[in-house]
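Open the model in your viewer and keep the selection tool ready.

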Amino acid sequence: MDIHQYIEREYSIICANIRLAQHLKHQYSHKQLEKGLKSWETPDILTWNTWIRRCWNDLGIRHKGLELLLNQTQEVLLWQEVIKEQDDTDFLWHIPSVAGQAQSAWQIMREYRIPEFDDSEGLGRDHQIFRTWSRAFREQCRQNNWIDASSISERIGIDLAGELEMPNSGIVLVGFDVLTPQQEEFIRKLDEIGIEMIQFQEPEGPDAEIQVTQCNEVGGEIRSAAQWAKQKIQENPQAKIGILVPGLREHRQSIANTFEQVLSPGNLGYESENTPLPFIITLGRSLSDYPMIAVIFNLLALKPHALTLPEISNLLRTPFIRGYEEERASRALLDEKLRGKNQQIFTVSDIKYHVVRLDKKGYCLRQFARSFSGFCEYQQTLPARSVPSGWSEHFANMLEKIGWPGERQFNSDEQQQNEAWGSVLERLASIHVVKSGVTRSEALSILRREAGEQGFQHHTPESPIQVMDPQGASAMRFDHVWMLGMNENNWPRPVVPNPFIPIRLQSKFGVLHSDTQLFLDWTERLQQKIIRSSPNVVFSYSRYEGDRPLLGSPLLPSQESCDIRSNLSETVAFQKVIFESGKMSDQIKEIPDFKAPSAENHTGGTSIFIDQSQCPFRSFAKHRLHSRDLEEPDIGLNPMQRGAMLHRLMQLFWQDVETHAELIGRTPDEHTELIKSLVDQEIQVMRQKLPSVFTPKFSSIEAARLKTVMTGWIELEEIRKPFRVRDLEFQVEQSLQGVNFRGRIDRIDELEDGSLVIIDYKTGLQSIGDWVPERPRDPQMPLYAVTLPGNIAVVILAIMKQGDGYGFRGLASRQDVFNSDDSNKGPVKKFENDPAIRKKFLLGDDAEDRTWGDLLDQWRHDVESLAIEFREGHAPVKPMNTYACQYCDQGPFCRIDEIRKKQECP
């Protein structure tokens, strides 16, 4: 009989894994539909563990004193408590992980009937400690009338088998490649009491057509498998295809991404996970990996007295709390404002203060304010310790206070996630059996572990293409099978013996994952079952994974490798299919994506010209589309804040000193007193603005730094030719070729002959090489030089960053106009006295013979060209060099990586 005949005769079908059980249920339902039935009795198809638990629960109805069966959460926690009670546990760095290993060791001993090992086994320290733990665990269960899941089949078989009542005709075991000694003993007991036990084996199919193919790298191998599956489905839409992947967990995400691109290229929407796909990956993601659940742990871990900026930012940007849809723009603005405060830790009062300020400006955040306040106030009422069910209720109330999961209507997937979260809370409540009281952090830790270990798989219709681990496919039938990842380190998989059981004992009692030869034999048998499961089987392996060379598995069939990929059609990008289909030709208007509409009388800062020169697209994105990155607060002061402090100090200093004569006429002590007064004044202002940064210690260090920089700078100013400070922080408002710009010149000095010196303070390293034509990297100073009225004689960068570049850097029209040094090798270059400098800064064969006025004309031409480009919408993604991209925040927007890849490909 085939398996469906047993189902028709009402046998209970016990499967080796949940995927096989789902597969058989789907097949049975499909057959009933083919018969024209509209309803039928659900067949009794379940996994071994579910069946054993059902047997125990049925016995428990008749035996009121039967031991309480611990669930997984209770059992792990009991192991933790047992381990904590031992004296010698200081060497354990993470008890929950150790408890999981101990539970696994206990389960292996029960399943393989390994007796408690004695000292004659040559025990190591780990083995002796585990023996102590296991005795304590067994004693705890005995005293409290508990039993763990791995012991119930043994308990039933020894004492209660005769009282089992099987409602169906018999039991059929499906998909069990290897039965453990415990399973064999249980089956033998049931057989002895007259229950029919059948171990079903699928009839062997015809010899499969086997192909072996080699790929260059893992990503290409996955893509080839996806293209092959697509081709098979196109040839026969009814085909059943298995993609088998040893070590599926490591490659799950890349497989999901590649198969979606190849098999469902139009699935580009925001909620793409909710669109039915033509494939299913049987290995689910952890429940805590889903955004709707992940945000829960961010919320429950919040500490109102010390909120970090990432925590607040996540809170403001998540759509899973009350009022997001209505207030999303205002919340984003609050996020931006907080990032600009250069503050790492905030309190609830800080958040409320900024909410009120934005509310006064018309940005409503009232729902967020109410929800967040209610959430924080409820937190303050929480006890230090509570019963587990109390924490389940508290956590649920906290989420209700802040409005999780928002007002959005659940889709099917989110509804399933919500139900799964409810089961996690129930498991937390259930641990009262083992531990009556826990702290909030302990309860939250248990929740994290439960959500992290719970594999969540959406309930989806059966798909024609199934991606699964090979072990789950041994009893399934497919029309085509592709088994990828057949490399030496993947197939067979490495054995990992449990560290708490002596390896000699594990090998002696046949523990599968402890003995290399046992596991190799099992792997070979599994491979043969896979070959018999389909008439067409492809094995593939890769030569490289990144830079690491790989070898094929020693278990690969002996067939000569063939190139299957040559027969596969290349996947065409979805966008290309749409545009080349012709169906939308009348509705699609092509425009060059490097050309924006013209912008007359656009107003902005001088950075328009800087960005247009370095990369036209950056200028378009920043100044036309107003695209910008969010700030990331630094520890201490960021470079911009440091520069602003020095700018203000220099402004205040020259407001007091005013002229070169006054500068050299004062004594060093007078300068020191003035600098100290100005620095102390600036530090006090900054302490009010950034109290969390300007602590007493930091204020002292920063004050000393500023005094050192200011004192050293006076010495450089003293050796200059006589001057007076004409303007400080001079506001520039000009129009150039239809582009209006605003700027601020840090300082303008007037020399004795009435000519002007333009000075720009810099707290980072910069070079006058940034002013060279034809596209100057930083045209700000040339822009000031050609738009400021008057006789411009010197253009200077004042580099105030201490180090090799410290001092003045610039161009002077002639010798000795700036300082008494008559050498052309100084940091301020004498333009009309140095032919090399003229040739560097001017275009044309006659550059060596041209004048300072010609340089200003050249600069005017350069900046006007940039203004015309910006005005006319010239916006290609064309950075001047790689440096232009290094600190650019438009990378995700400008497609530079895609463009470079396209240029690299022939």
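Select W421. Its contacts (heavy atoms within 4.5 Å) include L287, I293, I296, F297, L399, W404 and L447, leaving out residues up to four places away in sequence. This is a predicted model: local features need pLDDT of at least 70, side-chain atom pairs count only at pLDDT 80 or more, and totals for chains, interfaces and linings use all residues. Residues are numbered from 1 along each chain as its sequence is written, and side-chain values use heavy atoms, without hydrogens and water.

Together with W421, they touch the most other members of the largest nonpolar core, which has 119 residues. Such a core is a set of buried (under 20% relative accessible area, 1.4 Å probe, protein chains only) Ala, Val, Leu, Ile, Met, Phe, Trp, Tyr and Cys residues joined through side-chain atoms within 4.5 Å.

Now select residues 95–111. This is helix α5, which gives the most to this core, with 8 residues. Helices are DSSP runs (H or I, at least four residues), numbered from the N terminus.

Jump to V657, L663, L706 and I714. They are among the 41 residues of a second, separate core.

Last stop: D191. Which helix holds D191? It lies in α8, residues 181–192.

How values were computed
Buried means under 20% relative accessible area, exposed over 50%, partly exposed in between (1.4 Å probe, protein chains only). Helices (H or I, at least four residues) and strands (E, at least two) are DSSP runs, numbered from the N terminus.
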